[in-house]
Amino acid sequence: MLVPPSHVRQSSIMASAVMSTAELADKIWTIGDLQILHQLQTPVFVAAFGMYSVSHSADNLRPAARVLFQNAECFTRYGAPRSIASSAEIVDSQDEATHMLWRSWSLQTCKGEHVTQPSSDITPVLEPCFQGVQVNGPRFVGRLDSKHIRVWTGPETVESATLHIVELGANADDMRISAMHHQSPLHNFLFDCNGKLLHANRAAVQACRRDTAGSKLSPEEDMTLKSLFLMGSYPGGQEEAEEAYEEAVNAIFVLQVQCHRHNQPRSLKIGKVRWEMIEMWPMQDPVDGSPAVLVKRYNITQQKEIEMQLSAQQEALQRHNQALEQDSIDMQEERVRLEKETLTLTQRMEVLMHDKFEHTTSNFDAETPIEKVLNVLQAFITQATTPSVETVINLYHILSESGTHLRQPVALEEQLMKDKRMGSDVGKSMLQLLQGTSASAPATGETLLMKSTSFAGSGSGSASAFIPADITPAFERMLQDAETNWQFDIFAFAEATPGSTLSMLTFHLYKQAGLVREFKLDERKLCNFLQKVESGYSAENPYHNSIHAASVVQMTHMLLCHGGLIKSGLITKTQQLSSYWSAAVHDYEHGGLNNDFLIKTSHALAVRYNDQSPLENHHMSAAVQLLFQPDYSYIAFDMLRSETIAHVRSVCVNQVLGTDMKRHFDITSRFQSAFKQQPVGSGGTAAHVMPVWDNVKAEDKTLVYQMVLKCADIGHLAVDPKTHKRWAFQLEEEFFRQGDKEKEAGLAVSPLMDRSMQGGMTRSQLGFFNIVGIPLFKAIADLFEESQPMLDGVLANFRQWEEIASAQPDVPA
């Protein structure tokens, strides 16, 4: 057992500084023995350096210093000892070079070696030991004499430690030089917060002597931070120099920026200007810890000259850019001016077109009684406009007549029959199309009860299992074109897909839209169904054939995907599935004869459906019946009885039945009432506002679904003129064939269906565009602005028919 000595002579402790290393190592000191060191006026401390655990885990060993003793002078200068954890954090934070230096010095002392450090910056050694030594605080310069000793630290515990004697032999200049070089060896000056010079290196002193030669200023005694700025040759003289000085002082001592730079001009005797950079860094005076600033000056004349050249080039470039910007502004103003001129010309053209239209159609009034009332009420509510007595009386007479149809233009028959430009035949044709009546009774013969003539198409009969898969690149491009082109060439596509135009296109759109995956459709049975539907369209029909159905499917797709309906949030996958299906079957098993013919001849379909849209009812019913046949039931049985399919069927029924032109005014009038854009401002311009579809009634959404298929059904009005005219003449031929059958049955030939008369239904195109086509497409485009290309196509074809009509003489009534 080691036993500490009962006493140790004070003289031996005081003489420890001159004792040999071996003599110190032989002694075992107690903490009480070390108390006499308090009498020394130089800092002395005893510390043990090693690996210490800073947590409960034995594995967490980190290098640290543990101060066992410090005398009063050491406490005064460096503060209280750090804890082991704090010391370990300081050691960990030191840079690699400092850490290696500290570790080497620690290992030497721990081995019992006598280590004497030369006068230098001893801050890295003191910082892990004492709380008063901070990394950003004053630097400590001195000589450190370290000797190995052994100390009793507890019962039966002797530790190896190091006795450190700090000799403060360095003066204030040495400390400041060390501090300056700790930051950067390039700095020349050190000033206090009042601008007083604390230190300057030799190069700085010599430079100041050159700059102050011949003046009363002594650089060593009278040099200040302000005088450094006053040496500059500023264009604004002393006032500008003082402003630069105040800015620098504020930046360093108030804002405490990391570095402040200032470019200073200096006049040379040869008439040139030398530029100097003054760089300033904030720090603390290492002697007393007060705020100070490090300053360096260096020549940047060459750099400044380059900067001035670049600045001149930049100014020239800026002037050039400004000239270009002015040219751009001028061009923009010119573009705005031209746009205004174009708008003015367009408005004038519209006025001229309107005047011409008014003259051509004899001022046809397409407003329904409901719309007239709503317009009057809207004007009263939004503009506080009181209707005239004449307007009120007119509305009273219109609404009080027993034969008034609220959702049909007022006096439709009278307006059509008195239109001199259209002629009586055209008026009768339009009236029959929109009302299902004729202005004259059958010429001869009695109403016939015709036998139920099969309306099944003369297609291929049985459907093959799959649509052909040998798709060439050219054909694939046609399918891609069908997905994005408002004026898709359906006839070219039909030539590439003889007998499967409808099924190929519809199946492709089903797949592209993700409907097959979404509703888990059986692809084989879907193909069977589509080919069965295609076979139900008679290729003998010039117009109502599978190519027409495929065209309607494609136009439906364009409206949904590119006309803004899906984007608006109205059309979900369910409505998309419904709309594609409705478009594909909307004329299924059409016999090439219209509803009026079926009703006049008491056809079985007219009898079955009580003269109410017999064709449309049959198209829908016959197509739905296919779904219940095993070969064509591509929808899972459980889906057939789900609410989703019930909704799909409801949408399809409303869409297909809505294609009957007898319901045209009822649907369009209700649609315009439900979604009419409210006028704003004195100009009455309509503000386009998309409805919040979650707040729209289900019946109003149904009107949109119906309008989509109605537009697609006569979508050929919007395609390129060549394709549109081909459809028009094929429809005329189909009408002529019905006229032939009417003659055979002894019936009066329907207007414009007598091929022996000059001209057929193509004579009615202007009236059809004005009364049906343009208002229909415009109503959709007003609500869904992205469908404007479709309306543009309609107007282009309308202008072509106008040119044809203007070249022909007026048709006699």
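A contact, as the word is used here, means heavy atoms within 4.5 Å. This is a predicted model, so local features need pLDDT of at least 70 and side-chain atom pairs count only at pLDDT 80 or more, while totals for chains, interfaces and linings use all residues. Residues are numbered from 1 along each chain as its sequence is written, and side-chain values use heavy atoms, with hydrogens and water left out.

**Stop 1: A513**

Select A513. Leaving aside residues up to four places away in sequence, A513 touches K573, Q576 and Y580. A513 sits in the loop between α19 (501-512) and α20 (515-518). Helices (H or I, at least four residues) and strands (E, at least two) are DSSP runs, numbered from the N terminus. Is A513 buried or exposed? Its relative accessibility is 12%, so A513 counts as buried. Buried means under 20% relative accessible area, exposed means over 50%, and partly exposed is in between, with a 1.4 Å probe and protein chains only.

**Stop 2: β5 and its partners**

Select β5 (141-154). Ten of its 14 residues are buried, so β5 is largely enclosed by the rest of the structure. Two strands pair if DSSP finds at least two bridges between them. Strand β1 (residues 28-29) runs parallel to β5 and is joined to it by two bridges. Within that pairing, I28 stands opposite R150 in β5.

Next select β6 (residues 157-167). How many bridges pair β5 with β6? There are eleven, and the sense is antiparallel. Look at I149, which stands opposite A161 in β6. β5 and β6 form a hairpin with two residues between them, and E156 in the turn has a positive phi of about 60 degrees. When you show side chains, keep a general point in mind: in a regular strand they alternate between the two faces of the sheet.

**Stop 3: helix α4**

Select helix α4 (residues 84-93) and show its side chains. Which residues of α4 are buried? They are S87, A88, I90 and V91. Viewed down the axis of α4, these buried residues fall within an arc of 160 degrees, so they line one face of the helix. The arc is that of the directions from the helix axis to the C-beta atoms. E89 and S93 are exposed, on the other side of α4.

**Stop 4: aromatic pairs**

Rings of Phe, Tyr and Trp (its six-membered ring) pair if their centres lie within 6.5 Å; planes under 30 degrees apart count as stacked, over 60 as edge-to-face and the rest as tilted. By this rule there are 15 aromatic pairs. For one of them, select Y78 and F130: the ring centres are 5.8 Å apart and the planes are at 35 degrees, so the pair is tilted. Y78 belongs to helix α3 (residues 72-78) and F130 to the loop between α6 (123-126) and β5, so the pair ties together parts that are 52 residues apart in sequence. Y78 is buried, with a relative accessible area of 1%, and F130 is buried too, at 0%.

For another pair, select F671 and F675. Their ring centres are 5.2 Å apart and their planes are at 50 degrees, so this pair is tilted. F671 and F675 are four residues apart in helix α30 (residues 664-675), which separates them by about one helical turn. Both F671 and F675 are buried.

**Stop 5: a charge over a ring**

Select R726 and F491. R726 lies over the face of F491, at 3.7 Å from the ring centre. A charge sits over a ring if NZ of Lys or CZ of Arg is within 6 Å of the ring centre and within 35 degrees of the ring normal.

**Stop 6: cysteines**

A disulfide is a pair of cysteine sulfur atoms within 2.5 Å. How many disulfides does the structure hold? It holds zero. Select C74, whose nearest cysteine sulfur, that of C129, is 8.6 Å away. C74 is buried, at 0% relative accessible area, whereas C259 is partly exposed, at 22%.
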